[in-house]
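Welcome, and please take a moment to look over the model before reading on.

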Amino acid sequence: MSIKKTITAVLIASTTVVMAQSNQVQNASNYLRNKEFDKAKIAADAASVHESTSNNPKLWMYRGKIYQEIYFAKEPTIRALDAEAEEKALESYIACLKFDKDNYYKDEVKGLIVQATAAASNKANMYSQAKEYDKALRCYDLIEAALPYDFDQGMKRANITKEKLMYYKFDMFKYAANKEKTKEYADKLIAINYKDAKIYTDMVKLSLVDRDTTKALEYIGKGKVMFEDNMELINQEINIYLARNKTNELKDKLTAALEVSPDNEVMHAILANLY
């Protein structure tokens with residue numbers, strides 16, 4: 001075979017492959033419309049990994065809709081088509097908007113991506129409860145990647161924000177017993193003045209597990225700047241001073257605490273005992 005014929009054959013083969021993948025995009029659309037979700041899923045997945053269609057926003061929009069139908073489905077057989085349908089729907093809408101340089105699909109997808117973030121958030125909670133922390137983290141990372149596409153503030157109204165995701169990750173790493181990541185996210189939250197006393201009380205407990213009372217008192221000090229009347233922080237501080245046998249300092253702490261909670265009989269008893 002001549003070089004010219006070889007080149008022609010290669011071009012024809014390449015064109016055929018590209019056309020086949022373009023047909024897969026149309027197939028995904030047709031199967032979706034006909035509610036043949038198993039076939040739609042196969043067609044969309046095939047097109048999503050092929051170089052000729054992997055940056056096609058239309059394909060990603062269809063893929064998102066297909067996976068959304070799967071996780072919305074009441075029929076167990078449809079729901080069983082993919083255990084990660086929520087994640088894949090959100091992943092698809094993010095890709096659609098990323099590749100849609102002319103915002104051609106923006107209006108059609110902007111509401112769908114909000115629904116998908118809510119579903120992924122619920123899925124992350126489910127994973128955390130099941131102690132599947134890596135899967136929960138993937139959901140949180142996908143949600144964070146979706147935040148720039150919150151065109152009408154639908155995610156924000158649903159309390160899905162970068163700050164809230166940071167708190168969810170802190171809580172998840174705490175339950176996963178990942179001390180380094182828990183501390184990392186606690187410090188990030190403290191740096192942005194995130195208003196939740198649980199960050200401070202949890203970090204005090206974690207510091208005490210490590211027998212680091214200096215660090216525990218540091219977290220108490222930071223926490224009391226924002227939550228001066230939080231009794232858990234006050235009690236944690238009193239217990240540390242009791243354990244350290246710091247009598248004079250403890251008298252001052254108890255006196256200050258009783259100004260916040262004058263009817264606290266336990267603190268009155270401790271102060272009386274010190275005297």
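Accessible areas here come from the Shrake-Rupley method with a 1.4 Å probe, and for residues only the protein chains shown count as cover. On that basis, the protein chain has an accessible surface of about 15,500 Å², and carbon and sulfur atoms hold 52% of it. Please keep in mind that this is a predicted model, in which local features need pLDDT of at least 70 and side-chain atom pairs count only at pLDDT 80 or more, while totals for chains, interfaces and linings use all residues. Residues are numbered from 1 along each chain as its sequence is written, and side-chain values use heavy atoms, with hydrogens and water left out.

Let us begin with the overall form. The protein chain has 15 helices and 0 strands, where helices (H or I, at least four residues) and strands (E, at least two) are DSSP runs numbered from the N terminus. Its radius of gyration is 28 Å, well over the 19 Å that the globule rule gives for 275 residues, so the chain is more spread out than a compact globule. That radius is taken over C-alpha atoms, and the rule is 2.2 Å times the number of residues to the power 0.38. Along its principal axes, the C-alpha trace spans about 105 × 45 × 35 Å. Of the 275 residues, 42% count as buried; buried means under 20% relative accessible area, exposed over 50%, and partly exposed in between (1.4 Å probe, protein chains only).

Next comes the pocket. On a 1 Å grid over the protein atoms alone, a pocket is an open set of points where a 1.4 Å probe fits, with protein on both sides within 12 Å along at least five of seven lines, and lining residues have an atom within 4 Å of a point. The residues lining the largest pocket include Asn125, Tyr140 and Asp171. Two or more lining residues come from each of α6 (106-129), α7 (133-146) and α9 (162-175). Which element gives the most to this lining? It is α9, with 5 residues.

Glu86 lies in helix α5 (residues 85-99) and, at 8% relative accessibility, counts as buried. Leaving aside neighbours within four places in sequence, Glu86 is in contact (heavy atoms within 4.5 Å) with Tyr71, Arg79, Ala119, Ala120 and Lys123. Glu218, found in helix α12 (residues 213-226), is partly exposed, with a relative accessible area of 33%. The C-alpha atoms of Glu218 and Tyr200 are separated by 9.5 Å, and these residues are 18 apart along the chain.
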